[in-house]
Amino acid sequence: MRTSSFLFLILIFSSLGWLSIQFSAQEIIDKAIKKSGGSKYDNAIIHFTFRGKRYRSKRDEGIYQLERFVDGPDGVVHDIVSNSGLERTIENCFVQVADSLITRISDGVNSVHYFANLPYGLNAPAVNKELIGEREVKGNRYYKIKVTFDQEAGGTDFDDEFLYWVHKEDFTVDYLAYKYSVNGGGIRFREAYNPRVVNGIRFIDYKNYKTDNLKTPLKDLDVLFEKKKLKLLSKIELEDIYVYVERDCC
């Protein structure tokens, strides 16, 4: 009789969340990456089109190439960002990139690949992760993970701040927000939609919102979103996705 009563109390407490398992920020991100493709990212060749430009990435256990193809007046401009830095060709002929443009071009290529492959990349050595709370958004419960970057190896935008809403049961990244300082600064909030899995890797599109109040804390954007106080700025849509995984190590 006592055993039955004890089991009944456990079920009650569990339903109330009193005995729910607590994860660290690192564990939550690890689960989110695994949910989205895990080790497949490490050995994948990924093609997609974004806003009329073609992109390709190739990774092989830490060796990477992030590429962009743009049709220009002189032919196809092909930018490659790799472990060795930036290279540019026009119609397969190498061209010298002015020092003043290297960072701008590299950041432009990196940024598109970064968002297209989220949450992969959040375990990079320069990434700092912190679980700052939980929140219900549109009836679903989320972990809120704050992400900052070390100055060393954190890129030119190391002072940017990100926040990720990770579904507590599915471990999908359904919302994200970030604050940046370049070009006068800004704040963005993105709502994920149109999830699909291509050869084991999960891709999503985003509805991209903004607020003009640059003093707004990122942690408050979910409340503003549900109150419809954010302005829809654009849609981030990936097209013509192709994935080839050379080998799946795990």
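Reader: Which strand pairs with β1 in the antiparallel sense, and over how many bridges?

Author: In this predicted model, strand β1 (residues 44-50) is paired with β14 in the antiparallel sense, and five bridges connect them.

Reader: In what order do the strands of the open sheet lie?

Author: Seven strands make up this open sheet, with antiparallel pairing, and the order is β6-β5-β4-β3-β2-β1-β14. At the edges stand β6 (93-94) and β14 (239-245), each of which pairs on one side only.

Reader: How many bridges join β3 to β4, and how many residues lie in the hairpin?

Author: Strands β3 and β4 run antiparallel and are joined by eight bridges, and the hairpin between them passes through two residues. Within this pair, F69 stands opposite H78 in β4. On to the next pair: β4 and β5 are antiparallel over six bridges, again with a hairpin of two residues joining them. Here I80 stands opposite E87 in β5.

Reader: Which helix lies across β3, and at what angle?

Author: Helix α3 (residues 99-116) runs at about 105 degrees to β3. The strands that α3 lies across are β1, β2 (53-60), β3 (63-72), β4 (75-82) and β5 (85-90).

Reader: What span should helix α2 have, and which of its residues are buried?

Author: The buried residues of α2 are A25, I28, I29, A32, I33 and S36. Because these residues cover an arc of only 135 degrees around the axis, they fall on the same side of α2. Their cover includes β7 (127-137), β8 (140-149), β9 (161-167), β10 (173-180) and β12. After α2 comes G37, with a positive phi near 150 degrees.

Reader: Strand β12 is part of that cover. Which strands pair with β12, and how many of its residues are buried?

Author: Strand β11 (residues 186-198) pairs with β12 in the antiparallel sense over nine bridges, and R196 has F203 of β12 as its bridge partner. The hairpin of β11 and β12 has two residues between the strands, and N199 there adopts a positive phi near 50 degrees. Strand β13 (residues 231-236) also runs antiparallel to β12, joined by five bridges, with S234 of β13 as the bridge partner of N208. Of the 10 residues of β12 (residues 201-210), eight are buried.

Reader: Which residues have the most contacts inside the largest nonpolar core?

Author: Nonpolar side chains tend to be buried together in soluble globular proteins. The largest nonpolar core here has 37 residues, and F48, I145, Y164 and V166 have the most contacts inside it. Two or more residues come from each of α2, β1, α3, β8, β9, β10, β12 and β14. Helix α2 gives the most to this core, with five residues. Apart from this core lies another, of 13 residues, including L163, I187, Y209 and L218.

Reader: Which residues does F48 touch, leaving aside those up to four places away in sequence?

Author: With those excluded, F48 touches K53, R54, Y55, V112, H113, A116, L238, E239, D240 and I241.

Note on methods. Residues are numbered from 1 along each chain as its sequence is written. This is a predicted model: local features need pLDDT of at least 70, side-chain atom pairs count only at pLDDT 80 or more; totals for chains, interfaces and linings use all residues. Side-chain values use heavy atoms; hydrogens and water are left out. Two strands pair if DSSP finds at least two bridges between them. Helices (H or I, at least four residues) and strands (E, at least two) are DSSP runs, numbered from the N terminus. Contact means heavy atoms within 4.5 Å. Axes are lines fitted to C-alpha atoms, for helices over the stretch in contact, and angles run from 0 to 180 degrees between N-to-C directions. Buried means under 20% relative accessible area, exposed over 50%, partly exposed in between (1.4 Å probe, protein chains only). The arc is that of the directions from the helix axis to the C-beta atoms. A nonpolar core is a set of buried Ala, Val, Leu, Ile, Met, Phe, Trp, Tyr and Cys residues joined through side-chain atoms within 4.5 Å.
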